[in-house]
Amino acid sequence: MSPRTDSSLLVDDIGELVTNVAGTGEGGPLGIRRGAAVLIEGDRIAWVGPAKYAPAADRRIDVGGAAVLPGFVDSHAHLVFAGDRAAEFAARMAGQPYTGGGIRTTVAATRAASDDELRANVARLHREALRQGTTTIEIKSGYGLSVAEEARSLRIAREFTSETTFLGAHVVPTEYADRPDDYVGLVCGPMLRAALPYARWIDVFCERGAFDADHTRAILTVGQAAGLGVRVHANQLGPGPGVQLAVEVGAASVDHCTHLSDTDIEALASTTVDWVSGPETTTVATLLPGAEFSTRSPYPDARRLLDAGVTVALATDCNPGSSYTSSMPFCVALAVREMGMTPAEAVWAATAGGARSLRRDDVGVLRPGARADLVVLDAPSHLHLAYRPGVPLISKVLHNGVPQ
């Protein structure tokens with residue numbers, strides 16, 4: 001039985017507390033406090049401060065000097081699917097390049113699965129992510145690609161998260177292979193209407209072999225008019241118009257960003273606004289290093305983006321074809337080793353950065369009023385997430401104030 005959530009809980013004896021509150025403690029992007037405690041009331045944080053001044057609480061968790069950070073915010077995941085593509089992965093490891101064509105294999109398996117089978121798979125992956133510290137996750141559709149199947153995928157996704165994304169424009173399904181304009185019309189009309197009750201966001205895979213700039217703009221514009229926020233898959237497989245189009249339409253996030261021109265980076269940097277924590281870009285570049293790991297592709301150059309002032313998020317891209325991982329710690333380690341990020345930048349991107357890409361201010365941060373999502377490491381510092389890759393360092397997770 002879960003503890004009741006209307007009582008108070010003190011998380012005490014925290015050696016290093018990552019708050020992501022600018023100007024806090026040691027300053028810097030992580031706002032680190034030493035010798036801290038966090039008071040939780042219900043599902044919200046009520047107080048953060050030195051452990052020696054901690055208020056009384058109904059219950060107490062002593063973390064014994066461990067590091068505590070906000071729950072990870074995974075802002076890009078494809079969890080509603082059936083089957084796997086292990087054979088495709090093996091072929092890539094033998095030298096076959098990734099083209100995105102295997103998506104249609106997952107579409108066929110997903111269409112053939114029952115609601116219960118899809119729900120069970122989402123639940124399995126959701127639990128897996130939670131065990132690894134992910135307390136906020138975005139889930140996309142995109143493996144149904146028909147009116148009924150996309151609505152079904154989003155309805156199931158909505159059982160697990162409020163951050164649901166309509167990705168009917170993932171690829172053109174086989175039955176419309178010779179009629180892409182007709183499929184775009186379907187996405188913009190009946191499919192969008194069926195998705196609206198269950199979706200917060202709309203997304204398009206703007207890549208060669210998927211959707212071009214004109215089709216992408218048309219779909220996103222109709223989705224925006226219907227009240228959905230915008231996200232874009234762009235510049236994963238090669239240079240293209242997706243990043244600049246995302247900026248043009250005011251997307252909250254443009255994801256992958258593997259192949260960027262100077263003009264792409266300038267466009268992203270042009271969206272800079274002043275936040276309380278300092279300048280950030282309204283269009284976040286969400287990097288997905290699990291995809292590059294799984295496809296043996298070049299990694300995005302995060303250093304180039306960060307040095308230009310672009311806000312960066314990290315996410316898993318969990319999907320059965322190109323990034324079958326649900327581990328945000330793994331993505332943090334990859335970002336530090338392969339993408340030029342410091343450990344602090346990678347941890348911020350995996351928490352506060354993901355929150356920015358979802359336009360949320362109640363997650364990815366530990367301050368009074370924020371959601372009580374905390375991760376306790378079996379380590380004294382956030383540095384160990386990159387320093388000890390592959391080691392299960394997540395010792396405890398609190399989600400909505402409840403130990404998991």
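In the predicted model, helices H4 and H5 pass each other in a right-handed crossing. Their axes, with H5 spanning residues 180-195, come within 8 Å and cross at roughly 40°. H4 is therefore oblique to H5. On the H4 side the contact is made by Val147, Glu150, Ala151 and Leu154, and on the H5 side by Leu186, Pro190, Met191, Ala194 and Ala195. Eight residues of this contact are nonpolar, one is charged and none is polar.

H4 (residues 147-157) also packs against helix H3 (residues 115-131), the two axes coming within 10 Å and crossing at roughly 45°. H3 and H4 are therefore oblique to each other, and the crossing is right-handed. From H3, the residues Asp115, Leu118, Arg119 and Val122 meet Arg152, Arg155 and Ile156 of H4. The residues of the contact of H3 with H4 comprise four charged and three nonpolar residues, with no polar ones.

The loop between strand S8 (139-140) and H4 contains Tyr143. In the UniProt record, an unreviewed entry, Tyr143 is annotated as "binding site" together with Asn319 and Gly321. These residues are spread over 179 residues of sequence but cluster in space, with a largest C-alpha distance of 11.5 Å. Of the annotated residues, Tyr143 and Asn319 are included in the lining of the largest cavity.

Technical notes: Residues numbered from 1 in each chain as written. Predicted model: local features only at pLDDT ≥ 70, side-chain atom pairs only at ≥ 80, totals over all residues. Heavy atoms only, no water. Axes fitted to C-alpha atoms, helices over the stretch in contact; angles between N-to-C directions. Helix = DSSP H or I, 4+ residues; strand = E, 2+ residues; numbered from the N terminus. Parallel < 35°, antiparallel > 145°, perpendicular 65-115°, else oblique. Left-handed = near helix turned anticlockwise from the far one by under 90°. Contact = heavy atoms within 4.5 Å. Nonpolar A, V, L, I, M, F, W, Y, C, P; charged D, E, K, R; others polar. UniProt positions renumbered as here; feature names shortened; annotations may be inferred. 1 Å grid on protein atoms, 1.4 Å probe; cavity = no way out; pocket = protein on both sides within 12 Å on 5 of 7 lines; lining within 4 Å.
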